[in-house]
Amino acid sequence: MQIGKTHILKAARTTDNGCYLIDDKGTEVLLPNAYVSDNLKLGDEITVFVYLDNEERPVATTIEPYIELDSFAFLEVKDVNRAGAFLDMGLIKQLLVPFSEQPVKMEVGERYVVFCLLDEQTDRLIASAMIEDFVFTEGIDFEVGDEVEALFYKKSDLGINAVINNQFQGLVFQSDIHRDISIGEKHTVYVKKLRPDGKIDITLTPQGYRNVIDQSTQSILDQLKQDDGFFKYTDKSNPEEIRNKFGMSKKTFKKAIGNLYKQKIIRLEKDGTYLANK
(Lines give C-alpha, C1' and ligand atoms only; values in the text may rest on other atoms or scores of the structure.)
Protein backbone atom coordinates (compact mmCIF):
# COMPACT_ATOMS: atom_id res chain seq x y z
CA MET A 1 0.00 0.00 0.00
CA GLN A 2 1.75 3.12 -1.22
CA ILE A 3 2.08 6.04 1.19
CA GLY A 4 1.05 9.32 -0.40
CA LYS A 5 -1.40 7.83 -2.89
CA THR A 6 -5.16 7.49 -3.21
CA HIS A 7 -6.44 3.91 -2.93
CA ILE A 8 -9.73 2.08 -3.18
CA LEU A 9 -9.83 -0.15 -0.07
CA LYS A 10 -12.32 -2.48 1.55
CA ALA A 11 -13.71 -2.02 5.07
CA ALA A 12 -12.40 -5.07 6.99
CA ARG A 13 -13.00 -4.60 10.71
CA THR A 14 -13.95 -1.97 13.26
CA THR A 15 -12.30 -0.93 16.53
CA ASP A 16 -12.81 1.82 19.09
CA ASN A 17 -10.44 4.01 17.05
CA GLY A 18 -12.10 3.60 13.68
CA CYS A 19 -12.35 1.16 10.81
CA TYR A 20 -9.46 -0.87 9.43
CA LEU A 21 -9.33 -0.94 5.65
CA ILE A 22 -7.59 -3.62 3.63
CA ASP A 23 -6.10 -3.82 0.13
CA ASP A 24 -6.00 -6.85 -2.18
CA LYS A 25 -2.67 -7.95 -0.65
CA GLY A 26 -4.06 -8.02 2.88
CA THR A 27 -2.34 -4.85 4.09
CA GLU A 28 -4.39 -2.92 6.64
CA VAL A 29 -4.61 0.78 7.43
CA LEU A 30 -6.78 2.62 9.98
CA LEU A 31 -9.49 5.02 8.91
CA PRO A 32 -10.01 7.09 12.10
CA ASN A 33 -13.51 7.58 13.45
CA ALA A 34 -13.56 11.21 12.24
CA TYR A 35 -13.70 9.93 8.64
CA VAL A 36 -15.95 6.90 9.10
CA SER A 37 -19.44 7.64 7.79
CA ASP A 38 -22.51 6.20 9.44
CA ASN A 39 -23.40 4.20 6.34
CA LEU A 40 -19.99 2.51 5.91
CA LYS A 41 -20.44 -1.28 6.27
CA LEU A 42 -17.92 -4.09 6.45
CA GLY A 43 -17.15 -5.24 2.93
CA ASP A 44 -17.81 -1.82 1.41
CA GLU A 45 -15.16 -0.24 -0.80
CA ILE A 46 -14.07 3.32 -0.07
CA THR A 47 -11.68 5.78 -1.73
CA VAL A 48 -9.07 7.14 0.70
CA PHE A 49 -5.70 8.88 0.79
CA VAL A 50 -2.99 7.10 2.80
CA TYR A 51 -0.22 8.97 4.61
CA LEU A 52 1.80 8.99 7.85
CA ASP A 53 0.19 10.90 10.71
CA ASN A 54 2.07 13.12 13.17
CA GLU A 55 3.19 10.01 15.05
CA GLU A 56 4.50 8.45 11.80
CA ARG A 57 1.73 5.83 11.67
CA PRO A 58 0.03 4.97 8.36
CA VAL A 59 -3.53 6.28 8.38
CA ALA A 60 -6.26 6.83 5.81
CA THR A 61 -8.49 9.83 5.24
CA THR A 62 -11.45 10.56 3.00
CA ILE A 63 -10.20 14.14 2.57
CA GLU A 64 -8.76 14.76 -0.88
CA PRO A 65 -5.29 16.34 -0.47
CA TYR A 66 -3.98 19.21 -2.57
CA ILE A 67 -1.02 17.11 -3.68
CA GLU A 68 -0.09 13.44 -3.93
CA LEU A 69 3.16 11.51 -4.26
CA ASP A 70 4.98 12.11 -7.57
CA SER A 71 2.88 15.13 -8.49
CA PHE A 72 3.22 18.91 -8.61
CA ALA A 73 1.02 21.53 -6.95
CA PHE A 74 0.94 25.20 -5.92
CA LEU A 75 0.84 25.28 -2.11
CA GLU A 76 0.91 27.87 0.67
CA VAL A 77 3.56 28.02 3.39
CA LYS A 78 1.92 27.87 6.82
CA ASP A 79 5.02 27.75 9.03
CA VAL A 80 8.82 27.91 8.91
CA ASN A 81 11.13 26.48 11.57
CA ARG A 82 14.59 24.94 11.88
CA ALA A 83 13.54 21.91 9.82
CA GLY A 84 12.29 23.90 6.84
CA ALA A 85 9.01 25.24 5.50
CA PHE A 86 5.66 23.54 6.12
CA LEU A 87 3.02 23.65 3.39
CA ASP A 88 -0.76 23.31 3.58
CA MET A 89 -1.58 20.11 1.71
CA GLY A 90 -5.24 20.09 2.71
CA LEU A 91 -4.77 17.70 5.65
CA ILE A 92 -4.18 18.12 9.39
CA LYS A 93 -0.55 17.17 8.75
CA GLN A 94 1.53 19.69 6.80
CA LEU A 95 4.10 18.94 4.11
CA LEU A 96 7.75 19.67 4.88
CA VAL A 97 10.07 21.33 2.37
CA PRO A 98 13.61 20.97 3.78
CA PHE A 99 15.87 24.00 3.33
CA SER A 100 18.01 21.91 0.96
CA GLU A 101 15.00 21.65 -1.39
CA GLN A 102 14.34 25.41 -1.51
CA PRO A 103 16.05 27.29 -4.37
CA VAL A 104 14.87 30.48 -2.65
CA LYS A 105 14.02 30.77 1.03
CA MET A 106 10.30 30.18 1.49
CA GLU A 107 8.20 32.62 3.49
CA VAL A 108 5.01 32.16 5.51
CA GLY A 109 1.92 33.18 3.55
CA GLU A 110 3.58 32.80 0.15
CA ARG A 111 2.74 30.04 -2.33
CA TYR A 112 5.16 27.92 -4.34
CA VAL A 113 5.03 25.20 -6.97
CA VAL A 114 6.50 22.02 -5.46
CA PHE A 115 6.92 18.32 -6.19
CA CYS A 116 5.90 15.67 -3.63
CA LEU A 117 8.26 12.75 -2.98
CA LEU A 118 9.16 10.19 -0.33
CA ASP A 119 12.14 10.85 1.91
CA GLU A 120 14.34 7.79 1.35
CA GLN A 121 15.50 7.67 4.97
CA THR A 122 12.18 8.13 6.79
CA ASP A 123 9.49 7.16 4.21
CA ARG A 124 7.80 10.48 5.04
CA LEU A 125 6.21 12.64 2.39
CA ILE A 126 8.28 15.75 1.73
CA ALA A 127 8.26 18.36 -1.02
CA SER A 128 10.86 20.03 -3.19
CA ALA A 129 10.81 23.28 -5.14
CA MET A 130 13.69 22.07 -7.35
CA ILE A 131 11.23 21.50 -10.17
CA GLU A 132 13.76 20.72 -12.91
CA ASP A 133 15.01 17.75 -10.87
CA PHE A 134 11.67 15.99 -11.25
CA VAL A 135 10.66 16.50 -14.89
CA PHE A 136 11.46 14.05 -17.68
CA THR A 137 13.29 14.78 -20.93
CA GLU A 138 12.64 11.36 -22.50
CA GLY A 139 9.55 9.39 -23.38
CA ILE A 140 7.74 12.42 -24.85
CA ASP A 141 5.02 11.20 -27.21
CA PHE A 142 3.45 14.54 -28.12
CA GLU A 143 3.16 16.01 -31.59
CA VAL A 144 3.21 19.65 -32.60
CA GLY A 145 -0.28 21.08 -32.10
CA ASP A 146 -1.26 18.67 -29.32
CA GLU A 147 -3.33 20.04 -26.45
CA VAL A 148 -1.61 19.61 -23.06
CA GLU A 149 -2.00 20.84 -19.47
CA ALA A 150 0.53 23.31 -18.07
CA LEU A 151 1.31 24.34 -14.49
CA PHE A 152 3.37 27.55 -14.63
CA TYR A 153 6.15 27.69 -12.05
CA LYS A 154 8.90 30.17 -12.97
CA LYS A 155 9.35 33.40 -14.93
CA SER A 156 12.54 34.29 -16.76
CA ASP A 157 13.75 36.70 -19.43
CA LEU A 158 12.78 34.12 -22.08
CA GLY A 159 9.22 33.61 -20.85
CA ILE A 160 7.44 31.39 -18.33
CA ASN A 161 8.40 27.79 -17.53
CA ALA A 162 5.72 25.18 -16.94
CA VAL A 163 5.32 21.56 -15.96
CA ILE A 164 3.54 19.79 -18.80
CA ASN A 165 1.07 16.98 -17.99
CA ASN A 166 2.72 16.55 -14.57
CA GLN A 167 5.84 15.12 -16.26
CA PHE A 168 7.72 17.32 -18.71
CA GLN A 169 9.22 20.81 -18.89
CA GLY A 170 7.71 23.45 -21.13
CA LEU A 171 8.31 27.09 -21.94
CA VAL A 172 6.04 29.75 -23.40
CA PHE A 173 8.14 32.55 -24.88
CA GLN A 174 7.50 36.20 -24.07
CA SER A 175 6.57 36.82 -27.71
CA ASP A 176 3.70 34.32 -27.38
CA ILE A 177 2.30 35.79 -24.14
CA HIS A 178 -0.55 38.21 -24.78
CA ARG A 179 -2.29 38.07 -21.41
CA ASP A 180 -1.27 38.01 -17.77
CA ILE A 181 -0.14 34.66 -16.40
CA SER A 182 0.62 34.13 -12.72
CA ILE A 183 2.89 31.50 -11.20
CA GLY A 184 0.80 28.56 -10.02
CA GLU A 185 -1.87 28.93 -12.70
CA LYS A 186 -2.95 25.89 -14.69
CA HIS A 187 -3.92 26.25 -18.34
CA THR A 188 -4.64 24.17 -21.39
CA VAL A 189 -1.84 25.01 -23.84
CA TYR A 190 -0.55 23.70 -27.17
CA VAL A 191 2.72 22.13 -28.27
CA LYS A 192 4.62 24.50 -30.55
CA LYS A 193 7.97 22.72 -30.85
CA LEU A 194 9.69 19.60 -29.47
CA ARG A 195 13.31 20.45 -28.70
CA PRO A 196 16.28 18.03 -28.96
CA ASP A 197 17.06 18.55 -25.25
CA GLY A 198 13.67 17.13 -24.28
CA LYS A 199 12.06 20.48 -23.47
CA ILE A 200 8.82 21.61 -25.05
CA ASP A 201 7.94 25.01 -26.50
CA ILE A 202 4.27 25.80 -25.90
CA THR A 203 1.75 28.46 -26.88
CA LEU A 204 -1.44 29.65 -25.22
CA THR A 205 -3.50 29.31 -28.41
CA PRO A 206 -3.79 26.58 -31.06
CA GLN A 207 -1.20 26.74 -33.84
CA GLY A 208 -2.01 27.44 -37.45
CA TYR A 209 -3.74 30.36 -39.16
CA ARG A 210 -7.19 28.79 -39.15
CA ASN A 211 -7.18 27.89 -35.47
CA VAL A 212 -5.81 31.23 -34.32
CA ILE A 213 -8.19 33.24 -36.43
CA ASP A 214 -11.21 31.11 -35.53
CA GLN A 215 -10.54 31.48 -31.81
CA SER A 216 -9.65 35.17 -32.04
CA THR A 217 -12.62 35.94 -34.26
CA GLN A 218 -14.99 34.34 -31.79
CA SER A 219 -13.34 36.17 -28.90
CA ILE A 220 -13.77 39.55 -30.60
CA LEU A 221 -17.34 38.77 -31.60
CA ASP A 222 -18.15 37.76 -28.00
CA GLN A 223 -16.64 40.99 -26.72
CA LEU A 224 -18.67 43.07 -29.19
CA LYS A 225 -21.86 41.41 -28.04
CA GLN A 226 -20.89 41.93 -24.42
CA ASP A 227 -20.27 45.62 -25.15
CA ASP A 228 -23.73 46.06 -26.74
CA GLY A 229 -22.45 45.90 -30.30
CA PHE A 230 -19.69 48.54 -30.16
CA PHE A 231 -16.14 49.05 -28.93
CA LYS A 232 -13.63 51.77 -29.71
CA TYR A 233 -10.92 49.40 -30.99
CA THR A 234 -10.01 49.12 -34.69
CA ASP A 235 -7.04 47.95 -36.73
CA LYS A 236 -5.53 51.38 -36.03
CA SER A 237 -5.59 50.95 -32.25
CA ASN A 238 -2.47 50.84 -30.08
CA PRO A 239 -0.99 47.30 -29.83
CA GLU A 240 -0.72 47.53 -26.04
CA GLU A 241 -4.38 48.53 -25.70
CA ILE A 242 -5.36 45.56 -27.86
CA ARG A 243 -3.24 43.18 -25.81
CA ASN A 244 -4.74 44.46 -22.56
CA LYS A 245 -8.31 44.31 -23.84
CA PHE A 246 -8.32 41.12 -25.90
CA GLY A 247 -5.24 39.16 -24.80
CA MET A 248 -3.89 38.92 -28.35
CA SER A 249 -1.31 40.60 -30.56
CA LYS A 250 -2.31 43.41 -32.90
CA LYS A 251 -1.43 41.19 -35.87
CA THR A 252 -3.89 38.52 -34.75
CA PHE A 253 -6.50 41.19 -33.93
CA LYS A 254 -6.23 42.73 -37.42
CA LYS A 255 -6.64 39.35 -39.12
CA ALA A 256 -9.65 38.50 -36.98
CA ILE A 257 -11.24 41.91 -37.58
CA GLY A 258 -10.62 41.48 -41.30
CA ASN A 259 -12.28 38.09 -41.21
CA LEU A 260 -15.37 39.52 -39.51
CA TYR A 261 -15.46 42.45 -41.93
CA LYS A 262 -15.27 40.20 -45.01
CA GLN A 263 -18.19 38.19 -43.66
CA LYS A 264 -20.11 41.47 -43.17
CA ILE A 265 -20.58 40.69 -39.49
CA ILE A 266 -19.07 44.03 -38.44
CA ARG A 267 -18.65 47.49 -39.87
CA LEU A 268 -15.64 49.70 -39.22
CA GLU A 269 -16.19 53.38 -38.46
CA LYS A 270 -13.84 56.19 -37.42
CA ASP A 271 -14.94 55.96 -33.78
CA GLY A 272 -14.65 52.17 -33.53
CA THR A 273 -16.10 48.80 -34.50
CA TYR A 274 -19.82 48.00 -34.68
CA LEU A 275 -21.84 44.85 -35.16
CA ALA A 276 -23.35 45.16 -38.63
CA ASN A 277 -26.91 45.10 -37.28
CA LYS A 278 -26.30 48.00 -34.85
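Author: Burial is read from the relative accessible area: a residue is buried under 20%, exposed over 50% and partly exposed in between, with a 1.4 Å probe and protein chains only. The model is predicted, so that local features need pLDDT of at least 70 and side-chain atom pairs count only at pLDDT 80 or more, while totals for chains, interfaces and linings use all residues. Residues are numbered from 1 along each chain as its sequence is written, and side-chain values use heavy atoms, with hydrogens and water left out.

Reader: How many aromatic pairs are there in the whole structure, and how is such a pair described?

Author: A pair of aromatic rings is described by the distance of the centres and the angle of the planes. Rings of Phe, Tyr and Trp (its six-membered ring) pair if their centres lie within 6.5 Å, and planes under 30 degrees apart count as stacked, over 60 as edge-to-face and the rest as tilted. A search of the whole structure gives nine aromatic pairs. In one of them, Phe-72 and Phe-115 are 4.8 Å apart centre to centre, with 55° between the planes, and the pair is tilted. Phe-72 belongs to strand S6 (residues 72-81) and Phe-115 to strand S9 (residues 111-118), and the pair links these distant parts of the chain, 43 residues apart. Helices (H or I, at least four residues) and strands (E, at least two) are DSSP runs, numbered from the N terminus.

Reader: Is Phe-72 buried or exposed, and is Phe-115 buried or exposed?

Author: Phe-72 is buried, because its relative accessible area is 6%, and Phe-115 also counts as buried, at 7% relative accessibility. A second pair is formed by Tyr-233 and Phe-246, whose ring centres are 5.4 Å apart and whose planes stand at 80°, so this pair is edge-to-face. Tyr-233 lies in the loop between S16 and H2, whereas Phe-246 lies in helix H2, so the pair ties together parts that are 13 residues apart in sequence. Both Tyr-233 and Phe-246 are buried, and ring pairs link Phe-231, Tyr-233, Phe-246 and Phe-253 into a cluster.

Reader: Which residue lies over the face of Tyr-20, and which over the face of Tyr-274?

Author: A charge sits over a ring if NZ of Lys or CZ of Arg is within 6 Å of the ring centre and within 35 degrees of the ring normal. Arg-13 lies over the face of Tyr-20, 4.1 Å from the ring centre, and Arg-267 lies over that of Tyr-274, at 4.5 Å from the ring centre.

Reader: Where does Ser-237 lie, and which residues is it in contact with beyond its neighbours within four places in sequence?

Author: Contact means heavy atoms within 4.5 Å. Ser-237 is in the loop between S16 and H2, and Ser-237 counts as buried because its relative accessible area is 9%. Leaving aside neighbours within four places in sequence, Ser-237 touches Lys-232, Ile-242 and Lys-250. A polar contact is a pair of N or O atoms within 3.5 Å; within protein, one must be able to donate a hydrogen and the other to accept it, and residues adjacent in sequence count only if both atoms are side-chain atoms. A polar atom of the Ser-237 side chain lies 2.9 Å from the backbone nitrogen of Thr-234. Asn-238 caps the N-terminal end of helix H2 (residues 239-246), with a side-chain oxygen 2.7 Å from the backbone nitrogen of Glu-240; after H2 comes Gly-247, whose phi is positive, near 70°.

Reader: What is the order of the strands in the open sheet of three strands?

Author: Two strands pair if DSSP finds at least two bridges between them. The order is S16-S18-S17, with antiparallel pairing, and the edge strands, each pairing on one side only, are S16 (230-231) and S17 (266-269). S16 is joined to S18 (residues 272-275) by two bridges, with Tyr-274 of S18 as the bridge partner of Phe-230. Helix H3 (residues 250-262) packs on the sheet, touching S16, S17 and S18, and its direction makes about 115° with that of S17. Axes are lines fitted to C-alpha atoms, for helices over the stretch in contact, and angles run from 0 to 180 degrees between N-to-C directions.
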